[in-house]
Amino acid sequence: MESLDLSPYGYYRFPIPMRNVGWLGPEHGLQTEAPQPLREGELALLRQASERVASLMLGTHDCDFCPRALAAKGNGEYRYYAPEGDVYSAPVMILHYAEEHGYRPPAVVIRYRCASPA
Ligand SMILES: [Zn+2]
């Protein structure tokens, strides 16, 4: 699945509306004109918010940006709950995209230190 950042999420049924983050693929690439890798502090926040995997599926998704034979694989989603009530869904691959390919999630995901509910 590939979706534009902040577009409405519709991949899997979920009781509350969510927006897509990090559903990258070959059509839209990294979705930034000039990738600006996350600084270590920002990356730490993203890792901290990405501790709990939701919606595991039966298959895996290969990274479209790695060489095919070495492609990282992911399965599942992270959900980020912003304090103002917005919810974002990202593939588990979002950490790989940020760490290895310079993907920068929308500022809202980093700025509010989104975290999964306890
Ligand atoms: Zn990759």
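This is a short tour of a predicted model, stop by stop. Residues are numbered from 1 along each chain as its sequence is written. Because the model is predicted, local features need pLDDT of at least 70 and side-chain atom pairs count only at pLDDT 80 or more, while totals for chains, interfaces and linings use all residues.

Stop 1: Select strands S4 (77-81) and S5 (87-91); strands are DSSP runs (E, at least two residues) and helices are runs of H or I (at least four), numbered from the N terminus. S4 and S5 run antiparallel, joined by five bridges; strands pair if DSSP finds at least two bridges between them. Five residues lie between the two strands, and Gly85 in this turn has a positive phi of about 110°. Now click Tyr80: its bridge partner in S5 is Tyr88. Four of the five residues of S4 are buried (20 or more other C-beta atoms within 10 Å of a residue's own, with C-beta atoms placed from the backbone).

**Stop 2: the core.** Next, select Tyr80, Tyr88, Ala90, Ile94 and Tyr97, which touch the most other members of the 19-residue largest nonpolar core. Such a core is a set of buried Ala, Val, Leu, Ile, Met, Phe, Trp, Tyr and Cys residues joined through C-beta atoms within 7 Å. H2 gives the largest share, three residues.

**Stop 3: Tyr103.** Find Tyr103 in the loop between helix H2 (94-101) and helix H3 (107-111). Is Tyr103 buried or exposed? Tyr103 is buried, because 25 other C-beta atoms lie within 10 Å. Beyond four places in sequence, the residues Tyr103 touches (C-beta atoms, placed from the backbone, within 7 Å) include Leu24, Pro35 and Tyr97.

How values were computed
Buried ≥ 20, exposed ≤ 12 C-beta atoms within 10 Å, placed from the backbone. Contact = placed C-beta atoms within 7 Å.
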